[in-house]
Amino acid sequence: MHHFTYINNELFCEDVSVADIADQVGTPFYLYSHATLKQHFRAFDGAFSDINHLTCFSMKSNSNLAVLRLVGSEGGGVDIVSAGELYRALQAGIDPKKIVYSGVGKRDEDIEYALKAGIFMFNAESAQEIVRLNHVGGKVGRKARIAIRVNPDVDPKTHPYISTGLKENKFGIDINDAPRQYMVAAGLENLDVAGVDCHIGSQLTQVGPFVDALKKVKILISGLRNAGIKINCLDIGGGLGITYKEEEPPHPVEYAQAIKEELSGSDLTLILEPGRVIVGNAGILVTRVIYTKTTGEKTFFVVDAAMNDLMRPSLYDSYHEIKPVKWLGRPRLKADIVGPICESGDFFAKSREVESFESGELMAIMSAGAYGFSMSSVYNSRPRACEVMVKDDHFYTIRARETYEDLIRGEVIPDFMEKA
Ligand SMILES: *Cc1c(COP(=O)(O)O)cnc(C)c1O
């Protein structure tokens, strides 16, 4: 369910006309629906309400402060993967005790920042990281609570770039090697070994792989407990998929049921790290057609958004539905939707059957709320788009469009270089 619907052939976000927003903020822009975000968070978090759990929104999917504030006010925490994300989370008012820190490359200064902030737990991803966590814990005079991220070697059946739980992936510690690492960690005085963590990939459309991973993790946990290691948290990561095109991912309730069934009778606190399922379909990218052109057999719609704004099609060849903001019932045709960037990879859709557009008209690129703005760059010196949130019949700019001054901020021409 989302709140992007047509009223009299015009696209609305909740009670606001998308074209009206475009008139006021310009294009391109990201547009999020507050009601959709809230509804998605509640559907997910609520599905686990009968067990001890903490929903830590994976903020790499969308790290805007207003989005984080909404998550926090709903009682959620966040999963961070960098110190920069920690900074954002704290700025948004997220309770540090609800922050878990994942990622394969935490530096000493990142660990120190997180320890001082008092985050809930580190998900350690390597033997060396365990040693660093202990070292920095000693230096700061605080014990680091850790889970070890284990790699269960389960195929999530998703795009290879977003699979993380296979033996060949860089994430976590091989589940077969995990008991040995737990014994090492348990012997280090500045660590509080409290959990097991496992995140197998993203955009999963079946519950099977989650359950398979959980079965393996359960065996690990009982072994660790038998060895006297007190495990009380289980972090099962994120990864639940959404509908971009025709995928039929399980509803959060179905996902939760499968997991709760597997964990029944356990006293573990469950940590969840959903990203895409919360924000993916709560946001769209709105762009304007600059030119249309036909070369031989092909029609191109050249739009003012580009791969720097939304990288997923270029990066993963991913599908985003393309819709007109004003539906005119024009004949459909096959076209490529491309941006202005000087790269052949700069496209949003190829040979896609869409309604014909004319220059100056608005286009909505759907399902762009996750890994959209957060992956954007300024490649080709294109200032980043603004972000807008609608609540009921009002819209709010939650991140200003970048300016040309922003583009060169921090750049310095050394004195020895004379002006031409
Ligand atoms: C990316 C990521 C997530 C979120 O994945 P989604 O598919 O967006 O739910 C959760 N945990 C970790 C460790 C991640 O890297």
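**From a loop to the ligand**

N8 is found in the loop between strand 1 and strand 2; strands (E, at least two residues) and helices (H or I, at least four residues) are DSSP runs, numbered from the N terminus. The phi of N8 is positive, about 50°, although N8 is not a glycine. This is a predicted model, in which local features need pLDDT of at least 70 and side-chain atom pairs count only at pLDDT 80 or more, while totals for chains, interfaces and linings use all residues. Residues are numbered from 1 along each chain as its sequence is written, and side-chain values use heavy atoms, with hydrogens and water left out.

An open sheet is formed by 3 strands in the order 1-2-3, with antiparallel pairing; two strands pair if DSSP finds at least two bridges between them. Strand 1 (4–7) and strand 3 (16–17) are the edge strands, each pairing on one side only. Between strand 2 (residues 10–13) and strand 3 the antiparallel pairing runs over 2 bridges. Within this part of the sheet, F12 stands opposite S17 of strand 3.

Another loop, between helix 1 (18–25) and strand 4 (29–33), contains P28. The peptide bond from T27 to P28 is cis, with omega near -5°.

The ligand is surrounded by 15 residues, and the closest are K60, S202, E273, R276 and Y371; a residue is near a molecule if one of its heavy atoms lies within 4 Å of it. By class, this shell divides into 2 nonpolar, 8 polar and 5 charged residues. Here Ala, Val, Leu, Ile, Met, Phe, Trp, Tyr, Cys and Pro count as nonpolar, Asp, Glu, Lys and Arg as charged, and the others, Gly among them, as polar.

Which distances separate the ligand from S202 and Y371? An oxygen atom of the ligand is 2.3 Å from an N or O atom in the S202 side chain, and for the side chain of Y371 the corresponding distance is 2.6 Å. The protein covers 94% of the 390 Å² of accessible area that the ligand has on its own, by the Shrake-Rupley method with a 1.4 Å probe.

Note on methods
A polar contact is a pair of N or O atoms within 3.5 Å; within protein, one must be able to donate a hydrogen and the other to accept it, and residues adjacent in sequence count only if both atoms are side-chain atoms.
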